[in-house]
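Thank you all for coming; I would like to take a few minutes to walk through one structure with you. Please have a look at it first, and then we will go through it together.

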Amino acid sequence: MIMEKVTVLEGSEAVAEAVKACRPGVISAYPISPQTHIVEAIARMVANKEIDVEYVRVESEFSAASVLAGASAAGSRSYTASSSQGLMLMTEVIYASVGMRLPFVLTGVNRSISAPINIQIDHQDTISLRDSGMLQFYVESAQEAYDMHLAAFKIAEDPAIQLPVMVCMDGWVLTHSYEPVAFVDQEKVDNFLPQFKPVDFLDVQDPKSWGSYAEADVLMEFRYAIHKAMQEGKSRIREILTELSDITGRDCSGLIEAYRADDAEVILVAMGSVAGTIKDAIDDIRDAGQKVGLVKIRCYRPFPYEDIWMVVKHAKVVVTMDANISLGSAGAIGMDLKAKLFGKPDAPIVLDCIAGLGGREINKDTVKRIVRKAETAMKDDAISFEPEWIDLNHEIV
């Protein structure tokens, strides 16, 4: 039996504790709600000399990402956190950092993007960075946020991957709620995540270039190398998550988590804190005799379509619950999954639901209504090419 220290604390503080345990060399900080408590907690650790780190207070999120890029290029384990408009301001630097293969870690605290101004939860901010080449992981709880940050640095720094990683956690619901969180002993963390030893870094004795000019004869190859690292990195990510599971005794392995899906005719696909609500609803629906399950996406980029297919291939209907929208098209998970299931023999119908934008409530009744829509589609064998907007108020429109 694995014994760990269990503490009831805010989700933001759990992330700060995980970051401290990973021993970064540089942390840049710019506050934006609901991310602020993470960098505030780390600032207290620095003031109390609990962590030996270069803590850089910057004047914008663009600067925060730029500090990480420079620190990472110099060979330092580096970290920051941001949300919403702050992530948008970082976008230029994130794309450049991916191209330069800089392996830092960023916590993306999910919050709606303006305008209109809304500070509640949805995934539009982090999903807007899905094509950057940064790896993305979504967590359900404060405990999973703690665990995933331990894994994130190891994944980012793996020689076969060498890319920035973003751990995405829902604002307020996870960052500002209190939960029991089990910490891993520092010695075990150090064994799991040794001191960062970069292969490539700025060195006057061995000059190298980052972000150099690339014409049409090589640009495609650079992009393909990133894509290849992400696709082939899936197996390494699984290994790292399995190794962490062995240390913690918690099952945080796998790019996805399947819940009561073995014999399910209807399978919901979602990510983030809403997964807990969906699990509760599924328990109720199962008690009523209906075969319903869940696929929780833990790793969104690279997209784990192989893992999802192995779970959903026997289902009749798959419902994606997207807390985002690619305006003029559909939700991100819905588009990804439809594309990857195209041509699969006897693939299930995929219904894309847009749900929870701007923090609109998703409760058990919401989930049950979605399941009823799926059952209607299953009976009618109806394929919809447009997303279903859950609880849309047409009077406002």
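Let me begin with a pair of residues: Val109 has Met169, in E7, as its bridge partner. What we are looking at is a predicted model, and the two strands concerned, E5 (residues 105–110) and E7 (residues 165–170), pair in the parallel sense over 6 bridges.

Stepping back, these strands belong to an open sheet of 7 strands with mixed pairing, in the order E3-E2-E4-E5-E7-E6-E12. At the edges stand E3 (54–57) and E12 (299–301), and since each has a single partner strand, one side of each is left without a neighbour in the sheet. From one strand to the next, the twist averages 20°. Helix H3 (residues 61–73) packs on this sheet, where it touches E2, E3, E4 and E5, and its direction makes about 160° with that of E4. Helix H4 (residues 84–99) also packs on the sheet, touching E4, E5 and E7, with a direction at about 135° to that of E4.

Finally, is Lys296 buried or exposed? Lys296, which is found in strand E11 (residues 292–297), is buried, with a relative accessible area of 2%, and its side chain is joined to that of Glu144 by a polar contact of 3.0 Å.

Notes: Residues are numbered from 1 along each chain as its sequence is written. This is a predicted model: local features need pLDDT of at least 70, side-chain atom pairs count only at pLDDT 80 or more; totals for chains, interfaces and linings use all residues. Side-chain values use heavy atoms; hydrogens and water are left out. Helices (H or I, at least four residues) and strands (E, at least two) are DSSP runs, numbered from the N terminus. Buried means under 20% relative accessible area, exposed over 50%, partly exposed in between (1.4 Å probe, protein chains only). A polar contact is a pair of N or O atoms within 3.5 Å; within protein, one must be able to donate a hydrogen and the other to accept it, and residues adjacent in sequence count only if both atoms are side-chain atoms. Two strands pair if DSSP finds at least two bridges between them. Axes are lines fitted to C-alpha atoms, for helices over the stretch in contact, and angles run from 0 to 180 degrees between N-to-C directions. Contact means heavy atoms within 4.5 Å.
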